[in-house]
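My notes follow in the order I checked things.

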Amino acid sequence: MTTTTLDYAAAVERYLAVWNEPAADARRSLAEAAFTEDATYTDPLAAVTGRDAIDMVVGAVRGEFPGLVFTLAGALDGHHDLVRFTWHLGPAGGEPLAIGFDVAVLADDGRIRAVHGFLDKVPSGH
């Protein structure tokens, strides 16, 4: 039996880099490194399949919250091909406007093949 060691921190770092990239072309390149082509993304506001569809969701969020950054909030917890983590969205160094909790399923190459997201705090009006 072969065991693959996945780098959970690197996967989450690539994931957050996608969410933090405002430039569409650069974000697409980051998404290629972060997600498998057929990756899925599901949260209370979106359910999409495919890296391009995920990029469109991220682009829409970037457009709605320009200048804000996604940061890791706390420690990662991973086992097998799963990693869970909490993130904040807010001004750099400031109080978060949104807080979420994601569970990502990783492929053997360390890229994300599925994200199951939960929103713990959202800005009023959203």
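Helices (H or I, at least four residues) and strands (E, at least two) are DSSP runs, numbered from the N terminus. This is a predicted model, where local features need pLDDT of at least 70, side-chain atom pairs count only at pLDDT 80 or more, and totals for chains, interfaces and linings use all residues. Residues are numbered from 1 along each chain as its sequence is written, and side-chain values use heavy atoms, with hydrogens and water left out.

**Entry 1: the β6–β7 hairpin**

I started at the turn between β6 and β7, a hairpin with five residues between the strands. Gly 110 takes a positive phi there, near 90 degrees. Strand β6 (residues 98-106) is joined to β7 by eight bridges, and the two run antiparallel. I found Val 103 opposite His 116 in β7.

**Entry 2: along the strands**

Next I followed β6 the other way. Eight bridges also join β5 to β6, again antiparallel, and Arg 84 has Val 103 as its bridge partner in β6. β4 and β5 make a hairpin with two residues between them, and His 80 in the turn has a positive phi of about 50 degrees.

Then I went back to β7 (residues 112-121), where strand β1 (residues 35-43) is joined by four bridges and runs parallel. I noted Thr 40 with Ala 114 as its bridge partner in β7.

Two packed helices are described by the angle between their axes and the distance between the axes. For my numbers, axes are lines fitted to C-alpha atoms, for helices over the stretch in contact, and angles run from 0 to 180 degrees between N-to-C directions.

α1 packs with helix α2 (residues 24-34) at about 160 degrees, axes 9 Å apart. That makes α1 roughly antiparallel to α2 (under 35 degrees is roughly parallel, over 145 roughly antiparallel, 65 to 115 roughly perpendicular, the rest oblique). Which residues of α1 meet α2? I listed Arg 14, Tyr 15, Ala 17 and Val 18, which meet Arg 27, Leu 30, Ala 31, Ala 33 and Ala 34 in α2 (contact means heavy atoms within 4.5 Å).

**Entry 3: α1 on α3**

The axes of helix α1 (residues 8-20) and helix α3 (residues 51-64) come within 8 Å and cross at roughly 55 degrees. That makes α1 oblique to α3. Val 18, Trp 19 and Asn 20 in α1 meet Val 57, Val 58, Val 61 and Arg 62 in α3.

**Entry 4: rings**

Last, I checked aromatic pairs: rings of Phe, Tyr and Trp (its six-membered ring) with centres within 6.5 Å, planes under 30 degrees apart being stacked, over 60 edge-to-face and the rest tilted. I got seven pairs by this rule. Tyr 15 and Phe 35 have ring centres 6.0 Å apart and planes at 70 degrees, so that pair is edge-to-face. The pair links distant parts of the chain, with Tyr 15 in helix α1 and Phe 35 in strand β1, 20 residues apart.

Conventions
Pairing = 2+ DSSP bridges.
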